[in-house]
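Subject: Structure for you to look at

Hi,

Here is the structure I promised to pass on. Please open it alongside this email, and then read on for what turned up.

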Amino acid sequence: MDAIHKTVALRAIAPGEEEALARLFQLYCYDNAGWSGEALLADGRYDVCDAGLASYVHAAGHTAHWIEVDGELAGFYITEPAIAGQLPVQEFSDFFILKKYRRRGVALEVVRRVLLGSAQTWLVATFRADAAACAFWRQAFARLPFAQVTPWEDPALPQFQLTLLKPAA
C-alpha cells in the first residue's frame with residue numbers, strides 16, 4: 001500500500017524515550033554496515049554513544065523525532081545546528097526508515113514536511129559510500145520545490161556529499 005493511503009506522523013522523541021532511540025539507532029547502524037564496514041563490538045552492539053545520542057532529545061537546537069505510519073514506529077530523524085563556512089545552518093544529520101516502510105513515499109513526505117516546512121537553510125550530509133542514500137537525496141532534490149539546492153565542499157569532510165538547501169519561499 002502506498003504512503004498516500006497511510007497517515008505519516010512526526011513526533012518529538014520525549015525525555016524517557018532515549019533507550020528506544022538507542023535501540024533503533026542500532027538498526028540504523030546495522031543497515032549501514034554493508035557499505036560502512038562497521039563491525040560489532042564484543043557486546044553485540046555497534047559503537048554508538050547512547051549518552052551522546054540522548055543529547056539530541058535534550059540539547060538546545062538539537063531535535064530527535066519519531067516517524068510513525070498509521071500509529072506504528074517507522075523510523076526517526078535527528079537534526080543539529082551546524083556551520084557551513086560562515087553560514088549557520090540546521091543539519092538534517094541522521095535519517096532512518098525501517099525497511100517495511102521504504103519505497104512508499106514516507107521518506108519523501110518527511111523531507112517535505114521538515115525541510116520545506118521551515119524557512120532556514122539546511123545542510124544534508126550524505127556519506128559518499130552510501131549509494132542508496134545518495135540516490136534518495138538526488139531524487140528528493142529533483143522532486144521537491146526547493147528554492148535552492150547547492151553542493152558544498154568542506155575539505156575537512158571528504159567522505160560526505162554536502163548539500164545546502166533553501167526551502168521554497
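Leu 10 stands opposite Ile 67 in β2. Keep in mind that this is a predicted model. β2 covers residues 63-69. Five is the count to look for here: 5 bridges join β1 to β2, and the two strands run antiparallel. In general, strands of a sheet pair through backbone hydrogen bonds, either parallel or antiparallel.

Now the whole sheet. It is open and has 7 strands. Their order is β1-β2-β3-β4-β5-β7-β6, and the pairing is mixed. Which strands stand at the edges? They are β1 (8-12) and β6 (148-152). Each has a single partner strand, so one side of each is left without a neighbour in the sheet. From one strand to the next, the twist averages 30 degrees.

Next, look for helix α4, residues 131-143. It lies across four strands: β4 (87-97), β5 (122-127), β6 and β7 (160-166). Relative to β5, helix α4 runs at about 145 degrees.

Then the charged side chains. Side chains of opposite charge can pair when their charged atoms come close. How many salt bridges does a search of the whole structure find? The search finds 9. Three of them are worth a visit.

- Glu 17 and Arg 11: their side chains meet at 3.2 Å, N to O. Glu 17 is partly exposed, with a relative accessible area of 21%. Arg 11 is partly exposed too, at 33%. Both residues also belong to a network of salt bridges that links them with Glu 68.

- Lys 100 and Glu 72: the closest N and O atoms of this salt bridge are 3.0 Å apart. The pair links distant parts of the chain, 28 residues apart. Lys 100 is in the loop between β4 and α3 (106-115), while Glu 72 is in strand β3 (residues 72-84). Glu 72 counts as partly exposed, at 39% relative accessibility.

- Glu 153 and Arg 128: the side chains meet in a salt bridge at 3.3 Å, N to O. Glu 153 lies in the loop between β6 and β7, and Arg 128 in the loop between β5 and α4, so the pair ties together parts that are 25 residues apart in sequence. Is Glu 153 buried or exposed? Glu 153 is exposed, with a relative accessible area of 58%. Arg 128 is partly exposed, at 39%.

Best wishes

Notes
Residues are numbered from 1 along each chain as its sequence is written. This is a predicted model: local features need pLDDT of at least 70, side-chain atom pairs count only at pLDDT 80 or more; totals for chains, interfaces and linings use all residues. Side-chain values use heavy atoms; hydrogens and water are left out. Two strands pair if DSSP finds at least two bridges between them. Axes are lines fitted to C-alpha atoms, for helices over the stretch in contact, and angles run from 0 to 180 degrees between N-to-C directions. Contact means heavy atoms within 4.5 Å. A salt bridge is a side-chain nitrogen of Lys or Arg within 4 Å of a carboxyl oxygen of Asp or Glu. Buried means under 20% relative accessible area, exposed over 50%, partly exposed in between (1.4 Å probe, protein chains only).
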